[in-house]
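Let's take a friendly walk through the charged pairs and surface patches of this protein. Have the structure open as you read.

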Amino acid sequence: MAKENNSMAELKSQHNFRSFNQHEAAECPRSLSLEGLLCRLKAIEAKKDDKFANILNAVGEFGTFQRRLVALTFIPSILSAFFLFADIFVFTPQKPYCNTSWILAVGPNLSEAEQMNLTLPRESNGSFLTCLMYVPVDWDLNSIIQFGLNHTDTCQDGWIYPEVKKRSLINEFDLVCGREANTRIVQIMFLAGFLTGSLIFGFISDKLGRYPTILLSLLGLIIFGFGTAFVSNFHQYLFFRFGVSQAVIGYVISSVSLATEWLVGVHRAHAIILEQSFFAVGAMFLTGLAHSLPHWRLLYLVGGAPVFFLISYIWILPESPRWLMMKGKLNEAKQVLCYAADVNKKTIPLNLLDKLQLPRKVTSSSILDFRNDRHLRKVTSVMCSVGFAVGYNCHTLSFRIRELGVNIYFTQVIPRLMELPARLCCIFLLEQFKRKRSLSLTLFQGTLMCFLSLILPSELKFLSVLIIVLGGFILVASVTVFLIYTAELLPTVLRTTGLGLVFLAWAAGYILSLMISSQGIPILPIFLCCISSIMALTLCSKLPETQDHLLPESLEHFLPLTRTRNEDMLNEDISRDDVTEEVAKNTILNTMMMNMDRDVLSNLPSQSREEEIDRRTEGQAPR
């Protein structure tokens, strides 16, 4: 009996405390995990103690310095897209005919039409055969006209292109009549550069810094991009394409990391979205220029001319202060931050700057950490599977629209015009659904469009093109969200290396799509489209949300995977701006009190327990 009285007294003393905190507890109605609330409280404390975030606020979240940094990404993004997609327009289809200039020795006054009529065989419909010619004979012109020629052979003296108005790589290097496979070699070399560049530049950027890696990438654009206009043979062209693909992926990886590490809050996502939007502008610029210029060398000369402006980046591009801190370069980080504050016409308080300390342990990171660290390995594996699915679906759609025989300029102009609003729509999408849900939503819808485009018959050409364009619109948004999300998930010490591995998986999806498209098995692309996307969506649900969270700097600060749906809902609910430190503490205490109530009630006799529950249900205070 005494034990029951003591228990009731304990419940009565706790009742007022619970009533006082009832409103705060209602702020987190799904607080099902005490561990999750403790993690949130630790995050709030970490945010308060984050000296670097406080300094960035003092520098100015989005002042003149940050706006200039974002603007510096525009021209390289335009040029990267220009050099990346130039192959589409320099390999336009050509109709070759054998060069039969031998007949001019006996008939120098023959027109081109007469020459072809006498020396080229015809098809059943009356058109001239390509890649075949009549064997030259030692007859005079009258005999040739009277008796005609009968014996055919393959072209012996090269080819002519009488119906072609523009000079392309195909008629410059005669990539026709059994040599068409060379165009496939261009794709292979480009992908080889993409694969090696993602690994090499990702590693270099984490070791040497974002600034030197971006400069090295821009140098690659100057040499291998603009220099393509001066190649003298097809093998040189292949080598330059290999180099330019490395430079493009190196710039994308390093510039996204630099923007991620300099900007905070919504400005970080907006900066990456704007950078990717100018990538779409570059593709549209290429389409208009390719339609206007008559020679492929002029295309590279005129379109690549702005690349020389990038030399000025040596003096105006900043290094990432977060990377400098992680590498133990405290003085250099302070100098960069003070310079940024000076450009923004701000002053960093000395006491705040003095609080900026090196990490307790400046550890050397390597690519082996992706195997040794469990959380890093899981997150990278998930993002690689998502990257593979997105890459596969994107390129499957591009191959599909080519199969439909749509005009090359239409296949470039319409998707690029759609690409720009698709990227800008990501601003609204991220504000409403955050990173994780936005990626899952766009990937699911894009996969659905890809699936529909593969199962529709070719006879429904208009509907197929409409679905492909819509699918491209959605997948472009998915790519943008995917890039932002991946950069925020990875720690600063290994951010670009991780991005390189993710782009490696992206290229693997492209290669697989390229291989399957050449097999001619209709069911195979549909099967892989579904399997890769289902796996990516399933694994993506295991990732943590990164919006409104601090960037992980090292492996010690790395965000673990969310393991349960309750904890995922909890993190979403308590990561809102209205969940303050006091609310989190009170919610934790209320949870502890509820646990104590259950323990006390479990010790009461059954009759007393039922009476106590009835009293609480009626809103009365406990006895």
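Glu261 is buried, and Arg210 is buried too. These two residues form a salt bridge, with their closest N and O atoms 2.7 Å apart. The pair links distant parts of the chain, since Glu261 sits in helix α13 and Arg210 in helix α12 (residues 210–225), 51 residues apart. Please keep in mind that this is a predicted model.

**Salt bridges**

How many salt bridges does the structure hold? There are ten.

| Pair | Closest N and O atoms |
|---|---|
| Arg241 and Asp87 | 3.1 Å |
| Glu261 and Arg210 | 2.7 Å |
| Glu553 and Arg322 | 2.2 Å |

Take the salt bridge between Arg241 and Asp87. It links distant parts of the chain: Arg241 belongs to helix α13 (residues 234–262), while Asp87 belongs to helix α7 (residues 87–90), 154 residues apart. Are Arg241 and Asp87 buried or exposed? Both are buried.

Next comes the salt bridge that Glu553 forms with Arg322. Glu553 lies in the loop between α25 and α26 (565–574) and Arg322 in helix α17 (residues 321–326), so this pair ties together parts that are 231 residues apart in sequence. Glu553 and Arg322 are buried as well. Some salt bridges also share partners, and in this way Asp206, Arg210, Glu261 and Arg495 are joined into one network.

**Surface patches**

Which residues form the positive patch? They are Arg371, Arg374, Arg377 and Lys378. Helix α21 (residues 374–403) gives the most to this patch, contributing three residues. Lys378 is found in helix α21. Why does Lys378 count as partly exposed? Its relative accessibility is 30%, and the partly exposed class runs between under 20% for buried and over 50% for exposed.

There is a nonpolar surface patch too, of about 540 Å², made by Ile523, Leu524, Phe527, Ile531, Met535 and Leu539. One of these residues, Ile531, is found in helix α25 (residues 523–540). With a relative accessible area of 39%, Ile531 is partly exposed.

Key. Residues are numbered from 1 along each chain as its sequence is written. This is a predicted model: local features need pLDDT of at least 70, side-chain atom pairs count only at pLDDT 80 or more; totals for chains, interfaces and linings use all residues. Side-chain values use heavy atoms; hydrogens and water are left out. Patches are made of residues with over 30% relative accessible area and no salt bridge: like charges are joined within 9 Å, nonpolar side chains (Val, Leu, Ile, Met, Phe, Trp, Tyr) within 5 Å. Accessible areas come from the Shrake-Rupley method with a 1.4 Å probe; for residues, only the protein chains shown count as cover. A salt bridge is a side-chain nitrogen of Lys or Arg within 4 Å of a carboxyl oxygen of Asp or Glu. Lys and Arg count as positive and Asp and Glu as negative; His and the chain ends are not counted. The place of a charge is taken as NZ of Lys, CZ of Arg, CG of Asp or CD of Glu. Helices (H or I, at least four residues) and strands (E, at least two) are DSSP runs, numbered from the N terminus. Buried means under 20% relative accessible area, exposed over 50%, partly exposed in between (1.4 Å probe, protein chains only).
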